[in-house]
Amino acid sequence: MEHYSNYSLKQHNTFGLDARAKDFWIFDNPDELGGWLHNNQSGDQVLVIGGGSNLLFTKDYEGTILSPAFKGIEITAENGDDVWVRFAAGEEWDYCVEWAVERGLGGIENLSYIPGHAGAAPVQNIGAYGVEVADVLAFVEGFMLGDGTFFRKTREECDFDYRYSIFKGPLKNKVVVTGVVLRLSKNLKFLLDYGTVKDRVRSLGEPSLGNIRKAVVDIRKEKLPEPKVLGNAGSFFKNPVVTISFYQQLQEKWPDIPGYRLEAGKKVKVPAGWLIEKTGWKGREYGNAGVHKNQALVLINRGGATGSEIANLARAIQDDVLTTFNIELQPEVNFL
Ligand SMILES: Cc1cc2nc3c(=O)[nH]c(=O)nc-3n(C[C@H](O)[C@H](O)[C@H](O)COP(=O)(O)OP(=O)(O)OC[C@H]3O[C@@H](n4cnc5c(N)ncnc54)[C@H](O)[C@@H]3O)c2cc1C
């Protein structure tokens with residue numbers, strides 16, 4: 001366990017913002033959490049951090065940040081084709097995907113190259129190319145910051161939804177996820193019907209875990225800016241979900257508006273990037289912040305931006321989308 005005061009968060013958030021934390025603790029082992037909790041008399045607000053790829057520090061963090069750096073990947077059970085694997089919270093998510101793909105275990109290959117740590121994966125139920133981590137999640141293991149007990153929650157208990165779980169709702173900042181147990185499979189079922197994945201896989205050869213992973217990594221590298229080069233947190237807003245009747249009203253005014261039917265056709269998910277592009281924000285600069293030139297959903301730190309500058313840009317975009325489409329965009333990124 002290591003402790004730092006007045007600690008720079010620049011290396012701990014993918015926007016590259018130079019905010020500071022009053023206190024920053026790094027844990028190498030879940031067993032250290034009990035001792036820390038017992039001795040913690042500060043009464044400070046607490047934030048658990050992973051790779052900082054879904055955070056926007058709008059100012060210095062005047063509280064305590066806990067960074068679970070636990071490592072380890074182990075197979076915990078096998079039954080026929082099913083294999084349960086525990087990934088410790090501090091493992092890089094993309095390394096977990098690579099580990100599974102190399103061992104012929106399917107289920108998370110479409111989630112390749114998503115930044116961040118395994119412990120954060122269930123928090124917003126990460127998803128990409130038609131797969132969400134909830135699809136394969138067996139258990140989330142963690143530590144309650146209230147009473148210092150360890151818990152194990154099943155998928156049902158996590159209340160997963162689109163970019164949502166109980167850890168983003170009632171348990172936000174109340175637990176440390178110490179690990180996730182995923183139910184992977186040797187019986188491979190490939191999901192290729194999303195975006196350009198199928199064509200990309202075909203260009204590489206037969207569908208296989210390795211080819212899907214390579215296709216997804218290549219597409220993502222082309223589409224999204226590398227945070228180390230251009231600070232960003234991926235999709236800044238969630239794709240809004242509207243009723244079918246409201247979507248039809250939108251279609252009258254905007255015949256080319258894209259939409260994906262959900263819940264047996266009763267709701268429609270509208271790409272937030274399209275809405276932002278239509279309001280003219282794509283590629284625009286806003287002080288040291290801006291909107292990426294190829295991806296309207298990605299807000300960027302062009303160099304030296306502050307968190308509040310990015311937050312103001314986000315607000316300006318939300319206002320314009322509301323005025324134009326009567327849709328309130330909700331941030332996917334956590335504001336601090
Ligand atoms: C270029 C780029 C592309 C992205 N693409 C995608 C994508 O395709 N799909 C997608 O879903 N997301 C995407 N994201 C968002 C991000 O990668 C995910 O949300 C990721 O899971 C965040 O992981 P993290 O470790 O960085 O979490 P952080 O940003 O550190 O934290 C995110 C939230 O989880 C909480 N948290 C983190 N770790 C723990 C823990 N151990 N216990 C309890 N709470 C915890 C934090 O308190 C915070 O509320 C992208 C981000 C970037 C920069």
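A: We begin with a term: two residues are in contact if their C-beta atoms, placed from the backbone, lie within 7 Å. Keep in mind that this is a predicted model.

Q: With that term in hand, which residues is Ile276 in contact with, leaving aside its neighbours within four places in sequence?

A: Ile276 is in contact with Trp281, Lys282, Val291, Ala296, Leu297, Ile317 and Val321.

Q: Which residues touch the most other members of the largest nonpolar core?

A: In soluble globular proteins, nonpolar side chains tend to be buried together. Here the largest nonpolar core has 87 residues, and Ile276 and Leu299 touch the most other members. Across the protein, buried residues make up 40% of the 336 residues.

Q: How many helices and strands does the protein have?

A: There are seven helices and 20 strands. The radius of gyration is 20 Å, close to the 20 Å that the globule rule gives for 336 residues, so the protein is as compact as a globular protein of that length. Along the principal axes, the C-alpha atoms fill a box of roughly 60 × 50 × 35 Å.

Q: What does the domain assignment of the protein give?

A: It gives domain 1 (2-68), domain 2 (73-223) and domain 3 (231-335). Taken over C-alpha atoms, the centres of domain 2 and domain 3 are separated by 26 Å.

Q: Which residues come nearest to the ligand?

A: The ligand has 34 residues around it, of which Gly50, Gly51, Gly116, Gly119 and Gly234 come nearest. Strand 3 (46-48), strand 8 (127-128), strand 12 (175-185) and strand 13 (231-235) each supply at least two residues of this shell. By class, the shell has 20 nonpolar, 14 polar and no charged residues.

Q: How should I read the phi of Asn125?

A: Most residues other than glycine have a negative phi. Asn125 has a positive value, near 50°. It is found in the loop between helix 2 (93-102) and strand 8.

Q: Is Asn125 buried or exposed?

A: A residue is buried if 20 or more other C-beta atoms lie within 10 Å of its own. Asn125 has 21 C-beta neighbours inside 10 Å, so Asn125 counts as buried.

Q: What is the phi of Asp159, and where is the place of this residue?

A: Phi of Asp159 is near 55°, also a positive value in a residue other than glycine. Asp159 lies in the loop between strand 11 (150-154) and strand 12. With 17 C-beta neighbours inside 10 Å, Asp159 counts as partly exposed.

Conventions. Residues are numbered from 1 along each chain as its sequence is written. This is a predicted model: local features need pLDDT of at least 70, side-chain atom pairs count only at pLDDT 80 or more; totals for chains, interfaces and linings use all residues. Helices (H or I, at least four residues) and strands (E, at least two) are DSSP runs, numbered from the N terminus. The radius of gyration is taken over C-alpha atoms; the globule rule is 2.2 Å times the number of residues to the power 0.38. A residue is buried if 20 or more other C-beta atoms lie within 10 Å of its own, exposed if 12 or fewer, and partly exposed in between; C-beta atoms are placed from the backbone. A residue is near a molecule or strand if its C-beta atom, placed from the backbone, lies within 6 Å of it. Ala, Val, Leu, Ile, Met, Phe, Trp, Tyr, Cys and Pro count as nonpolar, Asp, Glu, Lys and Arg as charged, and the others, Gly among them, as polar. A nonpolar core is a set of buried Ala, Val, Leu, Ile, Met, Phe, Trp, Tyr and Cys residues joined through C-beta atoms within 7 Å. Domain bounds come from an automatic or database domain assignment.
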